Amino acid sequence: MSQAIVTPNRPRRVPPGPAGHWLWGSLLDFQADPLRAYTEAARQYGDIVRLRSGPWYSYLIAHPDFVKHVLQDNHRNYNKGALIAAYLKPLLGEGLVTSEGDLWLRQRRLMQPAFHKQRLAHFGQTMTDKTLAMLDRWQTYAGSGEPFDVSAEMMRLTLSIVGKTLFSTEVEATSGEVGQAMEVAQAHVNYRTTHPFSLPERFPTPRNRRFRQAKATFDRILLGIIEDRRQSGEDKGDLLGMLLAARDEATGEGMSDEQLRDETVTLFLAGHETTANTLTWTWYLLSQHPEVARRLREELAAVLGGRTPTVAQIPDLKYTTQVIEEAMRLYPPAWVITRGSISQDEIGGYTIPARALISISPYVTHRHPDFWPNPAVFDPDRFTPERAASRPRYAYFPFGGGPRQCIGNNFALMEATLILATVAQAGRLDLAPGHPVTPEPLITLRPRYGMRMRFQH
Ligand code: HEM
């Protein structure tokens with residue numbers, strides 16, 4: 001779709017949408033159950049919906065072509081918007097997720113090579129080593145049949161992997177200072193997004209003070225690691241080493257310590273919770289679909305024959321990869337991507353005013369009935385190469401798209417595939433009877449009550 005030209009004499013067309021309550025519009029529906037409210041709005045009003053929250057309007061974009069327009073074709077007219085600045089900047093500063101314009105472009109160019117598939121390949125061993133260490137700990141659960149929270153276990157695993165691949169240090173998610181600070185910071189950001197009227201970080205409420213302490217811990221530890229590394233000059237082959245060595249082609253300059261701190265906190269946060277949730281939902285779906293679990297085990301037996309998987313074997317783990325892709329279709333960890341419009345635009349014949357809030361939800365589009373027959377059904381065969389090629393590019397976009405597409409997508413897919421293959425070869429996870437499973441849409445889509453499961457060989 002080409003860039004929209006808005007001619008002044010063309011009448012404005014307002015997208016349809018629910019009237020909602022006379023005062024607060026649809027605000028309460030969206031606060032109570034955002035996944036349902038978004039999905040129903042799209043089914044009822046179509047591929048572009050105008051929503052009102054009190055005096056503010058926002059626009060939900062559901063059609064793949066319209067998603068492409070905002071994220072890719074006319075991306076210059078859209079920035080990350082006010083919500084990202086308000087909720088994420090206090091923690092992530094000017095890192096890659098939150099920065100805009102020239103700063104973002106410079107940083108993206110500096111960091112892109114570190115995330116190239118080939119550069120990442122040597123992290124594969126760290127990923128499987130950490131998974132095997134986790135499986136050792138799970139022996140006690142396997143022996144006793146005691147259920148445990150797989151969601152917390154996945155979080156701990158992916159945090160320790162990102163810690164090791166970023167800094168070569170051992171970050172223990174539960175006992176380490178960084179792990180604890182990360183939990184406080186994550187909880188704080190989640191609280192702020194679900195309580196839009198809470199006081200911003202500059203007010204010294206007890207919650208804000210806890211957040212500031214967590215942030216101070218990050219700054220102290222991360223700046224300490226950066227300084228040590230600069231002084232020793234040692235190349236440990238980790239992501240930090242690559243970021244320290246990166247130079248701007250035009251100026252020959254590297255990153256400042258503060259910029260490095262913002263980028264490393266960003267990678268820490270963006271790089272573990274999303275992958276942990278992908279895996280948790282995958283375990284849940286496998287426990288509900290024994291036939292899929294059986295086919296997965298068959299592939300693992302044929303390709304790996306009981307050996308620990310390597311990065312070189314990933315292309316042969318076709319069904320394993322499809323299982324992950326289908327899990328991310330039904331439960332995309334980044335369930336909503338927000339943008340702010342800069343100038344007035346036109347999408348699908350409707351007018352989008354300047355400075356409007358745009359919501360694009362992989363959760364909604366991934367269940368769009370025009371592109372996904374029986375959308376609620378878990379079926380990894382949707383991702384055979386032939387079927388995937390028959391869909392528009394933006395019918396499926398768990399990693400976003402356009403220039404701001406996830407820089408860690410190869411890292412995440414490699415990690416999720418290696419972990420799934422290693423654990424599924426060792427045993428099976430069954431949902432603890434009666435455990436409630438409800439998706440909770442915070443910054444990422446996680447299970448509200450965790451995921452209590454039993455592990456057996
Ligand atoms: C399954 C796992 C993951 C999912 C679903 C995911 C999803 C996303 C999405 C949707 C975006 C785009 C947001 C937007 O357009 O506003 C994004 C951006 C980003 N992600 Fe990921 N991500 C994952 C894993 C990772 C990992 C492992 C890393 C790093 C190690 C990472 C680092 C980033 C960064 C730095 C950005 C900002 C890129 C930019 O704006 O230039 N992500 N991610």
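**Reading a helix and a core**

Tutor: The buried residues of helix H9 are Val178, Ala181, Met182, Ala185, His188 and Arg192. Seen down the axis of H9, these buried residues fall within an arc of 130° (taken from the directions from the helix axis to the C-beta atoms), so they line one face of the helix. This is a predicted model, in which local features need pLDDT of at least 70, side-chain atom pairs count only at pLDDT 80 or more, and totals for chains, interfaces and linings use all residues. Residues are numbered from 1 along each chain as its sequence is written.

Student: What makes a residue buried or exposed?
Tutor: A residue is buried if 20 or more other C-beta atoms, placed from the backbone, lie within 10 Å of its own, exposed if 12 or fewer, and partly exposed in between. Threonine 158, in helix H8, counts as buried because it has 26 C-beta neighbours inside 10 Å.

Student: Which helices do the buried residues of H9 pack against?
Tutor: Helices (H or I, at least four residues) and strands (E, at least two) are DSSP runs, numbered from the N terminus. Two residues are in contact if their C-beta atoms, placed from the backbone, lie within 7 Å. The buried residues of H9 pack against H4 (81-92), H8 (150-167), H10 (206-232) and H12 (257-270). In H4, the buried residues include Tyr87 and Leu88, and the cover over its buried residues includes H9 and strand E5 (337-341).

Student: Which residues touch the most other members of the largest nonpolar core?
Tutor: In soluble globular proteins, nonpolar side chains tend to be buried together. A nonpolar core is a set of buried Ala, Val, Leu, Ile, Met, Phe, Trp, Tyr and Cys residues joined through C-beta atoms within 7 Å. Here the largest one has 105 residues, and Leu60, Ile61, Val67, Val70, Trp283, Ile419 and Leu420 touch the most other members. Helix H18 (residues 409-426) gives the largest share of this core, 11 residues. Beyond four places in sequence, leucine 60 has contacts that include Tyr38, Val49 and Ser359.

Student: Where does pLDDT stay under 50?
Tutor: pLDDT is the predictor's confidence in each residue, from 0 to 100. Where pLDDT is low, the predicted coordinates should not be read in detail. The protein averages 92, with 97% of the residues scoring at least 70, but pLDDT stays under 50 over residues 1-6.
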